[in-house]
Amino acid sequence: MKRLLLVVVLACVSWSSLPQASSKTQEDTLKTSAREAIPGVEDTLQQYKNFKKTIQLSQKNKDFQALGEAYIGLAKWHEDHTVLDSSIVYLKKAISVYEKQKMTKKLADTYLLLVMNYSGTAEYDKGSEAVYKALALYEKTGDQRGIGQCYTKICDLLYYSDSYAEGAEYCQKAIAIQEKNGYEEDLALSYRRLAENQLFLGNLDESLASMNTAINTYKKMGETGPPLLACYNGRGNIYKYMERYEEAIADYNRCYEGAKAIGLERYMMPPTANIGHVYILQGKYAEALPYNLRAIEIMKRIGNTKNLWENYMHVSNIYSELGDYKNALEYHELYEQGHTEYLNTIIARKDSELQVKYETAQKDMEIMDKEAKIAQQRKTQTLYIVLAGMLAIILFGMFFTLRNIRKKRKALATLNAELDAKNKQNELLLKEIHHRVKNNLEMVKSLIALQSAKLEDGASKEAMLASQNRVQSMGIIHQKLYQGENLGSIEMKNYFMNLSEGILDTFNAEEKVKIECAMDNLNLDVDTAVPIGLIVNELLTNALKYAFPEGEKGKINISLKQENERLFLKVSDNGIGKTKDSKPQGTGFGTQLIQLLTQQLNGTITEEHINGTTVFFNFKNFKIA
């Protein structure tokens, strides 16, 4: 009777996302047993009590299979009530039970469920560790369905770490297994994940085709719940980036209304945020604001915060466009904090993944080493037993040793290839950091511009304008870093041209002053490029302010070259020049900054005032990239 009660309680709550699926006949049997034994459970508090009672009975009777299932059911109960931390705790309890009882299949399935919860809390490093444990167990037992599901989960984790190409590869590996074996439900999810990665690879048509395949597969199965709703939201994203905004909003509304109808608030959050994003893309900022604020409120309440930083960024941009700079700055600070935490989880996930693969390789090498020792012992025994077979045994030992060496070399080559791939991913991450720094400097420049617009004092405005140009000079450095092939060097000629265009635009002097860079291509280390860029910025600013009064036309020349162990910079203009008795103009801060930067590079300054002004620099302390 106790065993029957355990089965009845567990049958009251089903987990639609479990990797294994029982047959229709089995499900009908469980439902019939439940109706015969006890009345149907309607309220969720009673469900919770039933799970607790099941746990107590199974512990008393040492029914470990029922105990593990009860823990999983209780984890699902907490997930449905958006308490993901508690859900993770109960999944770990189920894992502990299955590990002690050596229930390999159930252990692997539970690790996959744990990955879903870690993904919901944006703990991608822990999710990566769990999915590789599940994959190792499935590979050990030859479970093809489990292997395919793990590939899909890895694809999802790589998507959230911006590794879209690698994620798409894992999805295609999963699809190959699932199509071969007819796993339709798993296949639909894999096509959805593939579409998400293809979207951010820029393959919009392929992404739309993959998502439509997922939707059609779910419809064929009769699915109307969360999996189909998630596909509608995903297809809305694709339409959004194809600028088919009406179709995007229609799909988002399908997702929202479907989630609302079945009472799943966590599925109402993504379409809410995405509708706001569509309005942002259309420039309808007032219409976008309530959607993004509502999405943030839902994320905080349900604890699914993995995209919270992105919505902070959208709200900050909306407030900025609406002229509410106080709120814009507040949400920008929240965005910076959240995005930093997001990048840290990506780095931790990659470290965890590398550690798992390294430990696996180490175990394989230990096994091969033990095999070699065993073979050597056998050779020794054979030598003592059969002297006549000595030569044959020696030859066999040499062959066996050579084969082991080849295996070790192959394993090391594979490990090196994986490390090279991770290094490339780290380079992409570093480029993203430079991109973010450049965007932040652009934000600083914009804030300075907004502040200067409110100033009436001419000297203050001029100081603010100079600060804008200095921030712009550093921003171009970071732009060149993430756009270039070498993350540690700057090509100076191209950099000077970009810097000149920005300063001419600032002073509205494109028509009257021409800036030329008479120099060869020269790559400098970033520590040298930054001070030289600031020096040139100051000299160009001074020339445009004082060398060509009353709208006079003129020309400015910039040259930078390396000779032996020196670096020579020359900036000249054909303006009015400077007389001996003329007084310095401005505050003198720019001149002081140039002198300090020149000292930093262990350089000297020389000026000439013949047919304009020419400034020569001779630097000793510099680095060529």
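Phe 568 stands opposite Asn 618 in strand 7. The exercises below start from this pair. The model is predicted: local features need pLDDT of at least 70, side-chain atom pairs count only at pLDDT 80 or more, and totals for chains, interfaces and linings use all residues. Residues are numbered from 1 along each chain as its sequence is written, and side-chain values use heavy atoms, with hydrogens and water left out.

**Exercise 1.** State which strands pair with strand 7, and in which sense.

Solution. Step 1: helices (H or I, at least four residues) and strands (E, at least two) are DSSP runs, numbered from the N terminus. Two strands pair if DSSP finds at least two bridges between them.
Step 1: seven bridges link strand 5 (residues 566-573) to strand 7 in the antiparallel sense.
Step 2: strand 6 (residues 603-608) is also antiparallel to strand 7, with six bridges.

**Exercise 2.** Describe the turn between strand 6 and strand 7, and the phi and exposure of Asn 611.

Solution. Step 1: the two strands form a hairpin with four residues between them.
Step 1: Asn 611 lies in this loop. Its phi is near 55°, a positive value in a residue other than glycine.
Step 2: the relative accessible area of Asn 611 is 70%, so this residue is exposed.

**Exercise 3.** Describe how helix 15 packs against helix 16.

Solution. Step 1: two packed helices are described by the angle between their axes and the distance between the axes. Axes are lines fitted to C-alpha atoms, for helices over the stretch in contact, and angles run from 0 to 180 degrees between N-to-C directions.
Step 1: for helix 15 (residues 285-302) and helix 16 (residues 308-322), the angle is about 150° and the axes are 9 Å apart. Helix 15 is therefore roughly antiparallel to helix 16 (angles over 145 degrees count as roughly antiparallel, under 35 as roughly parallel, 65 to 115 as roughly perpendicular and the rest as oblique).
Step 2: contact means heavy atoms within 4.5 Å. Among the residues in contact are Leu 289 and Ile 296 of helix 15, and Val 315 and Ile 318 of helix 16.

Methods:
Buried < 20%, exposed > 50% of the residue type's maximum accessible area, 1.4 Å probe, protein only.
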